[in-house]
Amino acid sequence: SVAVATVDGMPKRLRVLLDVSAVPDNPVGAGVFTVALATGLTRDRSDIDLVLLARGNDADRWARLTPGAEVHAVVPGRRPMRLAWEQWSGPRLARKLKIDVWHGPHYTLPLRLSTPRVVTVHDLTFFTNPKWHEKNKVRYFRRMIRAAVKRAAVTVCVSDATAQQLAVYAPPSGPVRVIHHGVNHDRFAVAPEMAALDDARLSVLGVRQPFIAFVGTLEPRKGLVDLVDAFAEVASKYPDLQLVLAGSPGWGTAELDAAITACPSRDKILRTGYLPNDSVPSLLRRAAVVAYPSLDEGFGLPALEALACGAPLVASAVPAIGEVVGEAAVLVSPGDKAALVAGLNQALAPAESERLRIAGPKRAAEFTWGAAVDSYAEVYEYARTK
């Protein structure tokens, strides 16, 4: 339990600054988490006054998403300037705004800040697999993660797997709290009444059934070269099958481009780019299989969203994904193309497909953004007292 501060016998409202300046226009992963946290805190927590720190050109978006929050759109847009602003101007702004707690939801914090701090760590791939990131980002985030968790009143990890890695690579000074992400069950749900609309949305994109879907940023750590190669083998058994890669290209896509060009089933591979919000659940619901062959994850939110939509899921058996999906997915060894082929064939089989479609939504129901928001509110109150 956390002791709640009071004023004249009444609970004192908690003034929390949430730094949303790293959330891109088309959020994925940590960006989706930050949006869900901000909207949940403003909608559901009457005991918290939320202050949002946003980029200078981003005020309208946050005012729309979080009515009632106090938005300060003062941060430079480009990453190097944004990170420098955090260190040099962040502490001064916190004093001016009389913040009780500063929350850095994406690895970093102002190091000279005297206000109690909370930081969220999503994964440790900057330490475990630096080749998956740009070199300048590796150098910066290794240093900043270590410094942030030494200064934070509480460090939040998004999975037990991430917390265990953090203890090895960047041991925190204060307590660590594991808070799982949730899933937006209003958007990501089994909705048979939406079948016709789902099909219409996908038809516009050039998606036709049956298909295997991947949703996420197209980058090296997502295991997409293996997925393309595995699809070529599976497609020989299912000649009408399509592979849909949905997401924005990240860095280092040359190897994926080459794999698609060399694939004998390349005419059955569709790259949609970043999908409109409404199209993502439609894609997941209508997929014969959703594949998430990532080589490592801190949580694996797209996998959870697929389960919520009742999609048969084949995913890598990395610790965090196993922690999230339980027995509601077919798990295969990361980086093992033969295992991925076997997993896709298993999930496409009618009996296994039906089992997964039933198991997925039951598993996903255990993860809600409401529970995550309430847990963060407890962390903020604890941090204020330290």
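In this predicted model, helix α7, which spans residues 160-169, has A161, T162, A163 and L166 buried. The cover over these buried residues of α7 includes strands β7 (117-121), β8 (154-157) and β9 (176-178), together with helices α6 (135-151) and α13 (319-325).

A helix-helix contact joins α1 (residues 30-44) to α16 (residues 369-384), whose axes lie 9 Å apart and cross at an angle of about 75°. Because angles of 65 to 115 degrees count as roughly perpendicular, α1 and α16 are described as roughly perpendicular to each other. On the α1 side the contact is made by F33, A36, L37, G40 and L41, which meet W369, V373, Y376 and Y380 of α16. By class, the residues of this contact between α1 and α16 comprise 8 nonpolar and 1 polar, with no charged residue.

The structure also holds 2 cavities of 30 Å³ or more, and their volumes and linings by class are set out here.

| Cavity | Volume | Lining by class |
|---|---|---|
| Largest cavity | about 40 Å³ | 4 nonpolar, 3 polar and 2 charged residues |
| Second largest cavity | about 30 Å³ | 4 nonpolar, 1 polar and 3 charged residues |

Around the largest cavity, the lining consists of D226, P293, S316, V332, S333, P334, G335, D336 and L340. The second largest cavity is lined by D19, S21, L53, V75, R82, W85, E86 and W102, and helix α3 (residues 79-88) supplies the largest share of that lining, with 3 residues.

Terms used:
Residues numbered from 1 in each chain as written. Predicted model: local features only at pLDDT ≥ 70, side-chain atom pairs only at ≥ 80, totals over all residues. Heavy atoms only, no water. Axes fitted to C-alpha atoms, helices over the stretch in contact; angles between N-to-C directions. Helix = DSSP H or I, 4+ residues; strand = E, 2+ residues; numbered from the N terminus. Parallel < 35°, antiparallel > 145°, perpendicular 65-115°, else oblique. Contact = heavy atoms within 4.5 Å. Nonpolar A, V, L, I, M, F, W, Y, C, P; charged D, E, K, R; others polar. Buried < 20%, exposed > 50% of the residue type's maximum accessible area, 1.4 Å probe, protein only. 1 Å grid on protein atoms, 1.4 Å probe; cavity = no way out; pocket = protein on both sides within 12 Å on 5 of 7 lines; lining within 4 Å. Points joined across faces, edges and corners; volume = space filled by probe spheres on them.
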